[in-house]
Amino acid sequence: MKVTIETDENFEGGEVIIRCKEITKDIEDLYEIVRNHKNKSTDIAFFKGNSRYYFPAGRVCFFETDADNVYAHTSDDTFRVTLKLYELEECLPSNFIRVAKSTIVNVSHVYSVEKSITASSLVSFQKTKKQVYVSRKYYKPFMQRLEEHYRSSVLKKEKQ
Amino acid sequence: MKKSNKIFWGVFLIIAAFIVICFPFGVFDNIGFGTLAATVLLIPIFIKSLTSLNFFGIFFSAAGLGIVYLTPFNKDFWWILLLAALLLTIGFQMLFGSIKKKRFDTQWQRNHPDQFQYHGKHSFSDNVENINGSVVNCEVSFGSSVKYLHSQSLQRANIKSSFAGAKVYFTDCIVDPNGAVIYIDSSFAGLELHIPSSWNVKQDVSSTVGAVDIVGNFSNVGPEVLLTGNTGFSGVTVFAI
């Protein structure tokens with residue numbers, strides 16, 4: 001595989017393009033590595049009352065914050081988290097994405113997105129009545145991440 | 001029957017009796033049936049709204065009476081009256097909305113002296129959203145929002161929604177053993193409350209041009225959670241989850 005790096009002073013941010021004839025397992029693995037290139041740790045401490053809970057962050061549907069605390073919402077429970085929202089953003093894997101000033105969503109738990117042109121769009125989750133709003137500022141990146149996640153999970157199922 | 005409904009029906013019947021008595025003497029010969037019917041309906045609404053300081057009811061019922069009696073003289077007057085009613089409602093709500101809540105607090109403490117103590121420090125004029133603790137405040141205006149309340153011993157929740165769509169979840173709240181009050185103040189808004197079905201919820205919300213719907217069943221045992229407050233031009237849906 002040929003690897004090329006192109007630098008452009010006028011280009012802002014970074015972009016990785018993988019050119020290939022067809023999507024193989026190697027290409028998929030490379031895609032996952034690039035997507036999760038930061039050292040993502042899912043070891044987050046969850047608290048409820050005086051108890052600490054141990055479970056993978058993947059069970060969390062979304063994180064939301066009020067003025068004082070950050071809460072992790074699973075489909076049937078709520079836990080307190082000691083990290084701030086921006087710290088969570090840095091350590092969570094790529095299936096978590098910020099959708100509002102006070103909310104981070106796990107796209108793998110998204111069931112539906114009710115779009116609104118004039119206002120925030122409403123996100124519903126699987127197996128729960130909980131919902132959150134996606135603000136207009138975060139809507140496009142959220143939908144891109146959701147579609148990427150959906151495409152990669154469909155590809156994985158086809159391979160199986 | 002709720003006290004507010006008693007006021008409405010009481011005044012309605014008194015006015016109706018007055019009209020019935022005066023009718024044979026030709027007192028209302030120059031007044032049409034529609035005008036009479038509107039008067040009989042709007043005056044009780046006005047008085048009921050006045051007693052509960054429901055500004056929507058006060059100004060819109062007064063506007064309605066104005067439309068009924070003044071429109072024959074000036075056909076374009078109706079929209080002026082409605083616009084004035086709307087502006088007065090918003091203005092009075094902004095200025096005196098907290099007074100209405102303090103009145104309720106005093107009334108509630110008088111009626112339930114053995115229950116919890118509400119310190120009354122929180123008002124809707126505080127532009128701070130405290131959604132944690134035994135007394136939680138939540139305000140949503142001009143937009144859509146989902147709020148998740150958190151409390152280990154919920155005694156009171158003040159929820160205000162105006163010109164907004166708001167969803168409030170109580171799934172992470174535990175009711176104080178002495179009971180709790182959920183006070184809602186909703187105007188030109190759609191409000192959804194998601195409350196655990198294990199709670200013992202009693203509904204006593206006063207509505208003007210609106211409705212409070214309960215979807216699902218709540219328990220009849222456990223500390224009482226009183227859902228109360230005022231709504232105007234709003235739909236409130238309470239989900240038992």
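How many residues of chain A are in contact with how many residues of chain B?

## The model and its interface

In this predicted model, local features need pLDDT of at least 70 and side-chain atom pairs count only at pLDDT 80 or more, while totals for chains, interfaces and linings use all residues. Residues are numbered from 1 along each chain as its sequence is written, chains are lettered from A and ligands numbered from 1 in the order in which they are written, and side-chain values use heavy atoms, with hydrogens and water left out.

The contact, which means heavy atoms within 4.5 Å, joins 14 residues of chain A to twelve residues of chain B. The size of an interface is often given as the accessible area lost when the parts come together. Here chain A and chain B bury about 1,200 Å² between them, with 57% of it on carbon and sulfur atoms; this buried area is the accessible area (1.4 Å probe) that two parts lose on being put together, summed over both.

## Polar contacts and the side of chain A

Between chain A and chain B there are five residue pairs in polar contact, both residues being at pLDDT 80 or more. A polar contact is a pair of N or O atoms within 3.5 Å, where, within protein, one must be able to donate a hydrogen and the other to accept it, and residues adjacent in sequence count only if both atoms are side-chain atoms.

On the side of chain A that touches chain B, the elements giving two or more residues are β3 (62–65), β4 (70–73) and β10 (131–134) of chain A, and β10(A) gives the most, with three residues. Such strands are DSSP runs of E with at least two residues, whereas helices are runs of H or I with at least four, and both are numbered from the N terminus.

## Two helices of chain B

Helix α3 (residues 55–70) of chain B has 16 residues and reaches 22 Å from its first C-alpha to its last, close to the 22 Å expected at 1.5 Å a residue, where the expected span is 1.5 Å times one less than the number of residues. Among its buried residues are Phe55(B), Gly57(B) and Ile58(B), and buried means under 20% relative accessible area, exposed over 50%, and partly exposed in between (1.4 Å probe, protein chains only).

Ser49(B) lies in helix α2 (residues 33–51) of chain B and is buried, with a relative accessible area of 3%. Not counting residues up to four places away in sequence, Ser49(B) touches Asn54(B), Gly57(B) and Ile58(B).

## A positive phi in a loop

Lys127(A), in the loop between β9 (121–125) and β10 of chain A, has a positive phi near 60 degrees although this residue is not glycine. Lys127(A) is exposed, with a relative accessible area of 81%.
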